[in-house]
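Subject: Model for you to look at

Hello,

Here is the model I promised to pass on. Please open it alongside this note. My findings follow below.

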Amino acid sequence: MSQPLTTRPTVAGISIFPFRHHQPPPLCAFLFIIVLFVATFYTLHHPNASPPSLFSRNPHNNDLRLRRLFLSSASNATISSYLRELTRHPHLAGTKPSLDTLHYVVNHFQSLGLDTHVADYEALLSYPTHISVTARFSNTTTMEFDLNDVPGDSSSSSSSSPVVRPYHAYSPSGSAQGNVVFVNHGEERDYRALDSIGVSVKGCVVLARKGENLGRGGIVKIAETKGALGVLIYAENDGGGFGGIERGTVMRGIGDPVSPGWPGVVGGEKLSLDDDLVTRRFPKILSLPLSLRNAEIVLASLGGARAPVEWRNSGRVGSGQRGGPGRTVINMTFQGEMKMKKIHNVVVTIRGSEEADRYVILGNHRDAWTYGAVDPNSGTSALLDISRRFALLLKSGWRPRRTILLCSWDAEEFGMIGSTEWVEENVLNLGASAVAYLNVDCAVQGSGFFAGATPQLDGLLVEALKLVQDPDAVGFTVEETFKSQNNIIQRLSRVDSDFSGFLHHAGIPSIDMYYGADYPVYHTAFDSYDWMIHNADPLFHRHVAMAGIWGLLGILLADEPLIPFDYTSYAQELHAHRDTLSKLLKGKVSVDPLSMAIQEFSLVAKEVTDEAKKLKEKSYSKDDVVAAAKRRELNDRLMLVERGFLDAEGIKGKEWFKHLVYGPAAEPESKLGFFPGIADAIAINASEGVIEHEIWRVARAIQRASKALKGGFT
């Protein structure tokens, strides 16, 4: 096992927390710190001169030195200072305070001497102007619910930058009044359970508790099909006990709704709000978030039939809970406004020395519903620290082999808009040149490391985890604790962060990482710097670990002569997916086309692994033209495989999503976390012929991937 490299905050000239519970770094780390200090001192006193290089011309001799320098230059105090500045004010996308955050990020990159530019787009964003929810109970009393949540620490708020009131972006304006029906998580199976006890929601207002399987947009979409007039959604975590209310979007799909499928460049084509392509993105019935406190008041007042037995004693739904409709009536009003707003992505380019036309992309979004200490600025602060450390390495003579992009996206909270517009504008160049996309959204929301990835990146991720000390377990690496907790690398079929456009639309291998499975102040006004230092990461050790893992992955992907992709891992995962599908189908439809395609992919993956091994065994020299050409040709094949899983027709019902192995299922009750087209066909009880066609589509996609990996022509 590789020896872990320390992530302790020890760079010269930067203050650190005096209280650390980790063992001191080994002597060699101190030696590297001294070297780094000399390089930094030289740069400060000779700003126009080239500092002495710390790296030799042999990259193999540089690997360990580079990684040690990167990790030893970490500083949790510096990351803390970044997060403090980023969260001084709420910075909802499209508002004036969001420009302050933009300028802070841009100025940081430019102060490091990094090549920085801003890519502007225009997008339709949604804001509230008036919100109210009133309940009338069976005893004729009424109550108007308080729909504000404010931080307990007044020092975190600012009268000039008020927190936006809790709302659902893109909900239609209007009013709805009706008897209340509790619909559990608002899934199709919940409505079937209501049907079984004779309860209909037609003409009613439904109350739903947010679950794991269905997002707020899906809850509203299903309620709309059932004839509900309006939807109230609450989260059971209650904002950490403070009465927080979870904001969010209910738009369907991702990206700017008035430029669907093409980039919303400034001055470009925009559809009208009554265009069918636009209106289908928005719900037809209004919805609002509700605090747990107010939801419990409504639940306690409900009459009607008892809640279905499978809901009882689940969460806060008691055994005697009534589900309605009783005599409790809700009157809810939402007035909002749609505005075209300019949004701003920030892109830093660190030019590669040998393969400048190949790109490794690290990205995080910058906008937040409120203060955004966890979501997303724990990730932003880690990205800023990576850029600082990369700048130190550059000053010391390092140049990545391939180009690295550091990206700060805007308007993610409205539906991954900033990254989606950028992907749509650059989709051809990404397809030809992008090696991988590394995403961190909420870098730290609690304890425990979690990650999702496309399978060819599994091995690389594990190797990076071996090199970083665990922030919560002295003497252990992140890899050791990750393994001991039986955590697995998840697959990226979900659509909840900026990796979606890269993987699902452009076919770019991707990783998404975060610390902590969940946190109670999600999208509430309590997601503040104070909450972070009192709850999620008081000493910022987890931030340091995440920045270390993220930056190391970028370095490894940018610097390894052969791109470190393992397609035998992908083949194994495809075999496992086929087996799961076969069990689900129970022989009703043949999976033979998949089996044959996966077997072919496995054979090619084995051949390419052997080919790569032979190339690695040869001594490296960039002057060896023949070897360089072979590496380049193999790298091209390794890079293009993921594109093979894309299909021009996309997923039926969600055609913008092109990936047929990992992508969002259109049907919320799909039973597979992969093969979304097949999963949807099964979920809607499609004919055997339709399911068979979807199986063939996936088989052809795997065959395309095999041909890309093998190279040449048939």
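Angles under 35 degrees count here as roughly parallel, over 145 as roughly antiparallel, 65 to 115 as roughly perpendicular and the rest as oblique. This is a predicted model, so local features need pLDDT of at least 70 and side-chain atom pairs pLDDT 80 or more, while totals for chains, interfaces and linings use all residues. Residues are numbered from 1 along each chain as its sequence is written, and side-chain values use heavy atoms, with hydrogens and water left out. Helices (H or I, at least four residues) and strands (E, at least two) are DSSP runs, numbered from the N terminus.

Two helix pairs

Take α4 (residues 96-111) and α10 (residues 377-395). Their axes come within 10 Å and cross at roughly 15°. Axes are lines fitted to C-alpha atoms, for helices over the stretch in contact, and angles run from 0 to 180 degrees between N-to-C directions. α4 and α10 are therefore roughly parallel to each other. Contact means heavy atoms within 4.5 Å. On the α4 side, Tyr104, Val105, His108 and Phe109 take part; α10 supplies Thr380, Leu384, Ser387 and Arg388. By class, this contact has 4 nonpolar, 3 polar and 1 charged residues. Ala, Val, Leu, Ile, Met, Phe, Trp, Tyr, Cys and Pro count as nonpolar, Asp, Glu, Lys and Arg as charged, and the others, Gly among them, as polar.

Now α20 (residues 625-644) and α22 (residues 688-710). Their axes come within 8 Å and cross at roughly 170°. That makes α20 roughly antiparallel to α22. From α20, Arg637, Leu638, Leu640, Val641 and Gly644 meet Ala701, Arg704, Ala705, Ala708, Leu709 and Lys710 of α22. The class count for this contact is 7 nonpolar, 1 polar and 3 charged residues.

Strands around β16

How many residues of β16 (residues 510-515) are buried? The count is 6 of the 6, so β16 is largely enclosed by the rest of the structure. Buried means under 20% relative accessible area, exposed over 50%, partly exposed in between (1.4 Å probe, protein chains only). In a regular strand the side chains alternate between the two faces of the sheet. In β16, Ser510, Asp512 and Tyr514 point one way, and Ile511, Met513 and Tyr515 the other.

Two strands pair if DSSP finds at least two bridges between them. β14 (residues 434-444) pairs with β16 in the parallel sense over 5 bridges. Leucine 438 has isoleucine 511 of β16 as its bridge partner. Valine 444 is bridged to tyrosine 515 of β16. β15 (residues 449-453) pairs with β16 in the antiparallel sense, over 5 bridges. Here alanine 453 has isoleucine 511 as its partner in β16.

β14 is largely enclosed by the rest of the structure, because 11 of its 11 residues are buried. β12 (residues 355-365) pairs with β14 in the parallel sense over 5 bridges. Isoleucine 361 stands opposite tyrosine 437 in β14.

A loop residue

Serine 259 sits in the loop between β7 (248-249) and α8 (276-279). Serine 259 is buried, with a relative accessible area of 0%. Not counting residues up to four places away in sequence, serine 259 touches Gly264, Glu269, Glu421 and Glu424.

Best wishes
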